[in-house]
Amino acid sequence: MSLLFLLVAWSAAVLSCALLCRAALAAARALPPAPEAAARIAPDPAAADRHASGLTLYEMAYLSGGPHRLADVVLVLMAQKRRLLLADTGWATVVDPVGTDAVERAALTAIGPEGQRRIPAVRDALVGDAAVRRVADRLETQGLAQPAAVRPGIGGAVRLVKGAALVTLLSAVATSWTAAPGADSGQVLIWFTVPQILTLGLWAVARFELHPYSDWATVAGERRLPAPTGPRGAPDAPGTPSGSLITLALRGPTALTDPSLRAALHSSGA
């Protein structure tokens, strides 16, 4: 029985560490392009709305939470501009069918000609829209966003290593618990220290070298993201990302101070 527990511990440790090393190598290849390559990137229509960090609100949302976060941001932005009504029952209703940029126009298209649609369906349609993909492509070309081949990336691999460390510990405890009375299990338990050191050591290295873990932003992208500070819940001037929207982009819907908006974004739409 002890050999079975030892095999489980070693398998979990080796597999999880190999996956983390693979994810780290893949992320390392996502380097920023040469200056001449970056100059050929299509111009961003929202360039005038850039934050002091050099990122637009949509770019901050994508780097923090991916296309779903970007979709939440554009819906709240349009609601604050009185172009959409987001009901806490999970429905989005068009008030003013005029979009000021490609992503807003994509949101109106996702809602459809009837002018009303469930928010989860709008979000899913936006995630696959060409306007959102252009934001992602621009960030990937600049070396700020993880390429699709890298995701789920380092964050998921680190979680596997942490799980393997726990599996190793539990396997060692189970081996000691199931040992025959009077048997010397010390030699067997020593073999569990190797996968435990391997997993904990690699976890410590990842914490020091790769933290914060992100499935969307590269290390360069994380450095460009601003700290989520500033006024929260304040009204937003048209065309400028205020503190409340920046906080939403960086932290997600839980950062919203308006309970009806939080309910709308968390609703299933049923």
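Thr168 lies in helix 7 (residues 153–178); helices (H or I, at least four residues) and strands (E, at least two) are DSSP runs, numbered from the N terminus. At 1% relative accessibility Thr168 counts as buried, where buried means under 20% relative accessible area, exposed over 50% and partly exposed in between (1.4 Å probe, protein chains only). Leaving aside neighbours within four places in sequence, Thr168 is in contact with Ala9, Phe192, Pro195 and Gln196, contact meaning heavy atoms within 4.5 Å.

The model is predicted: local features need pLDDT of at least 70, side-chain atom pairs count only at pLDDT 80 or more, and totals for chains, interfaces and linings use all residues. Residues are numbered from 1 along each chain as its sequence is written, and side-chain values use heavy atoms, with hydrogens and water left out.

**Overall make-up**

- The protein chain has 11 helices and three strands.
- From the N terminus on, the elements run α-α-α-β-β-α-β-α-α-α-α-α-α-α.
- Of the 270 residues in the protein chain, 42% are buried.
- Among contacts in the protein chain with a separation of 6 or more, 68% come from residues 24 or more positions apart.

**Helix 3 against helix 4**

- Helix 3 (residues 57–80) and helix 4 (residues 102–111) pack at an angle of about 60°, with their axes 10 Å apart. Axes are lines fitted to C-alpha atoms, for helices over the stretch in contact, and angles run from 0 to 180 degrees between N-to-C directions.
- The crossing of helix 3 and helix 4 is right-handed. A crossing is left-handed if the near helix is turned anticlockwise from the far one by less than a right angle, and right-handed if clockwise.
- Helix 3 contributes Tyr58, Leu70, Val74, Leu77 and Met78 to the contact, and helix 4 contributes Val103, Glu104, Ala107 and Leu108.
- By class, the residues of this contact are eight nonpolar, no polar and one charged. Ala, Val, Leu, Ile, Met, Phe, Trp, Tyr, Cys and Pro count as nonpolar, Asp, Glu, Lys and Arg as charged, and the others, Gly among them, as polar.

**Salt bridges**

- Side chains of opposite charge can pair when their charged atoms come close. A salt bridge is a side-chain nitrogen of Lys or Arg within 4 Å of a carboxyl oxygen of Asp or Glu; by this rule the count comes to four.
- Glu59 and Arg138 form a salt bridge at 3.2 Å, N to O. This pair links distant parts of the chain, with Glu59 in helix 3 and Arg138 in helix 6 (residues 130–141), 79 residues apart. Both Glu59 and Arg138 are buried.
- Asp72 forms a salt bridge with Arg123, the closest N and O atoms being 2.9 Å apart. Asp72 is in helix 3 and Arg123 in helix 5, 51 residues apart. Asp72 is buried at 7% relative accessibility, and Arg123 is buried with a relative accessible area of 12%.
- Glu104 forms a salt bridge with Arg83, the closest N and O atoms being 3.5 Å apart. Glu104 is in helix 4, while Arg83 is in the loop between helix 3 and strand 1 (84–86), 21 residues away. Glu104 and Arg83 are both buried.
- A network of salt bridges links Lys81, Arg83 and Glu104.

- The buried residues of helix 5 (residues 119–127) are Ile119, Pro120, Val122, Arg123 and Leu126. Seen down the axis of helix 5, they fall within an arc of 160°, so they line one face of the helix. The arc is that of the directions from the helix axis to the C-beta atoms.
- In helix 11 (residues 259–266), Leu261, Ala264 and Leu265 are buried. They cover an arc of only 90° around the axis, which puts them on the same side of helix 11.
- Pro259 and His266 are exposed on the other side of helix 11.
- The buried residues of helix 11 pack against helix 3, strand 1 and helix 5.

**Ala217**

- Ala217 is in the loop between helix 8 (186–209) and helix 9 (219–224), and is buried with a relative accessible area of 3%.
- The C-alpha atoms of Ala217 and Leu144 are separated by 5.8 Å, although the two residues are 73 residues apart along the chain.
- Not counting residues up to four places away in sequence, Ala217 touches Leu63, Leu144, Ala145, Gln146 and Glu222.
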